[in-house]
Amino acid sequence: MFSGLVRQFAKVRFYRDQILCLESDLNPNIGDSIAVNGACLTAIESTKTHFSEELSKESASLIATENLQGLVHIEPALRLGDGLHGHIVQGHIDSIGVIKSREMQANQHVFYIETTQKALSYMVDKGSVCIDGISLTIHEVQDSSFSLVIIPHTMQNTLFMDYKIGRRVNIETDIITRSIANMFHKYMLTHNKPSKKQAMQDMYDSITLLY
């Protein structure tokens, strides 16, 4: 598990045959989980100057592998006792987004990212989302995209400073929102509810009766 509070970059030495080699002084133990641009990967080689991770075919098909060059965000897995300063991040990329536009508002940068309807269904205004491993707050969810307001500190301390229009980014939607949505969907199917409104009322009544 991760927090999405990235404090380190690594330089890609190479990515080939689904092996990713990163130049970094992190020096993880073999078997450690290290998120790279938000994707949880396992260290298979480690030295004082670099470490390597192997991507499964599924992982390679789900993430923006074209960004595995130059600098990448890295985050070691949380340890017991670490503070959760971002939000709960699994490192499981569930969709890809494309930066459609960006603009300045006062001293802040606003990014508009287009993604799938399924991903958008798990997003809410002011909710959490993880973009390339960075825990961020959704500004607004729209019909085919969502927006993020990036403060100067985040711009200066992440790779967002170099993100251009057309770039694909890894997205992990909030696990809590996804879990609630999936529970609601299963409830609808198993109880043959004619409408979401009725199903929500029934679920609310059930929870209220527990108290």
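Select Val6, Ala35, Gly38, Glu75 and Gly133: of the 14 residues lining the largest cavity, these lie nearest its centre. A cavity here is a set of points on a 1 Å grid over the protein atoms alone where a 1.4 Å probe fits but cannot get out; lining residues have an atom within 4 Å of a point. This is a predicted model: local features need pLDDT of at least 70, side-chain atom pairs count only at pLDDT 80 or more, and totals for chains, interfaces and linings use all residues. Residues are numbered from 1 along each chain as its sequence is written, and side-chain values use heavy atoms, without hydrogens and water.

Next, colour strand 3 (33-36) and strand 6 (71-76). Each gives the lining at least two residues; strand 6 has the largest share, 3 residues. Strands are DSSP E runs of at least two residues, numbered from the N terminus. The largest cavity holds about 50 Å³.

Now the salt bridges (a side-chain nitrogen of Lys or Arg within 4 Å of a carboxyl oxygen of Asp or Glu). There are 5 in the structure. Pick Arg168 and Glu66, paired at 2.8 Å, N to O. Arg168 lies in strand 12 (residues 168-173) and Glu66 in the loop between helix 1 (57-62) and strand 6, so the pair ties together parts 102 residues apart in sequence. Helices are DSSP H or I runs of at least four residues.

Move to Arg13 and Glu23, a salt bridge at 3.4 Å, N to O. Arg13 sits in strand 1 (residues 8-16) and Glu23 in strand 2 (residues 19-23), 10 residues apart.

Finish at Glu114 and Lys100, whose closest N and O atoms are 4.0 Å apart.

Methods. On a 1 Å grid over the protein atoms alone, a cavity is a set of points where a 1.4 Å probe fits but cannot get out, and a pocket is an open set with protein on both sides within 12 Å along at least five of seven lines; lining residues have an atom within 4 Å of a point. Grid points are joined across faces, edges and corners, and a volume is the space filled by probe spheres set on the points.
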